[in-house]
Amino acid sequence: MTATVQSELISAIRSIPDYPKPGVMFRDITTLLGNPKAFRRAIDELVHPYAGTKVDKIAGIEARGFILGGAIAHQLSAGFVPIRKKGKLPHDTVRIAYSLEYGVDEMEMHRDAIQPGEKVILVDDLIATGGTAEGAVKLLKQMGADIVAACFIIDLPELGGRRKLEALGVNVRTLIEFEGH
């Protein structure tokens, strides 16, 4: 990916200081999603390395991972699997607890969403501390998924999330980085 593309994506993202708490710089991708050129570029860049390869499913983490994951699934002719917070899916589910900065939460997916051995790409907008993505990886592996990669538009490298996923043997693809958190 060229510096021009990275610059285009960075300029399409709104930064909101002191949200959700003082000292945090929130990286808001809703402005990127609302910009047709930047949104298309981000999806194309996330899809590019996997075009022409067999990918069975895209697993998107609630909620922005649904938007990105649906577009990526369409481009790769793959199925889409939503990974949601506990209690949001209507059918038989599998669940995993995962660590957040300030506690523990649970996520789940439908028990029949992934078949053992299916090639899956995990998608979300941003990787920070990696707790949510790590939980999603463990949930997918529990179901027998062959995780091709975890893809994010934004990496906050100082927070170490990428390293957590790589320690689990997952290839991580990000498009841009921001310093801090």
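**Salt bridges and a helix contact**

The structure holds 15 salt bridges, a salt bridge being a side-chain nitrogen of Lys or Arg within 4 Å of a carboxyl oxygen of Asp or Glu. The model is a predicted one, in which local features need pLDDT of at least 70 and side-chain atom pairs count only at pLDDT 80 or more, whereas totals for chains, interfaces and linings use all residues. Residues are numbered from 1 along each chain as its sequence is written, and side-chain values use heavy atoms, with hydrogens and water left out.

Side chains of opposite charge can pair when their charged atoms come close. Asp44 has a relative accessible area of 30% and is partly exposed, where buried means under 20% relative accessible area, exposed over 50% and partly exposed in between, with a 1.4 Å probe and protein chains only.

A salt bridge also joins Asp146 and Lys119, with 2.8 Å between the closest N and O atoms. Because Asp146 lies in strand 8 (residues 146-155) and Lys119 in strand 7 (residues 119-127), this pair ties together parts that are 27 residues apart in sequence. Asp146 is partly exposed at a relative accessible area of 32%, and Lys119 is likewise partly exposed, at 31%.

In a further salt bridge, the side chains of Asp155 and Arg162 meet at 3.4 Å, N to O. Asp155 is buried, with 1% relative accessibility, whereas Arg162 is partly exposed, with 24%. Through salt bridges that share partners, Asp155, Arg162 and Glu166 are joined into one network.

Helix 3 also takes part in a contact with helix 4 (residues 64-76), the axes of the two coming within 10 Å and crossing at roughly 60°; axes are lines fitted to C-alpha atoms, for helices over the stretch in contact, and angles run from 0 to 180 degrees between N-to-C directions. The two helices are therefore oblique to each other, since angles under 35 degrees count as roughly parallel, over 145 as roughly antiparallel, 65 to 115 as roughly perpendicular and the rest as oblique. Among the residues that make the contact (heavy atoms within 4.5 Å) are Arg40 and Asp44 of helix 3, together with Ile67 and Leu68 of helix 4.

Terms used
Helices (H or I, at least four residues) and strands (E, at least two) are DSSP runs, numbered from the N terminus.
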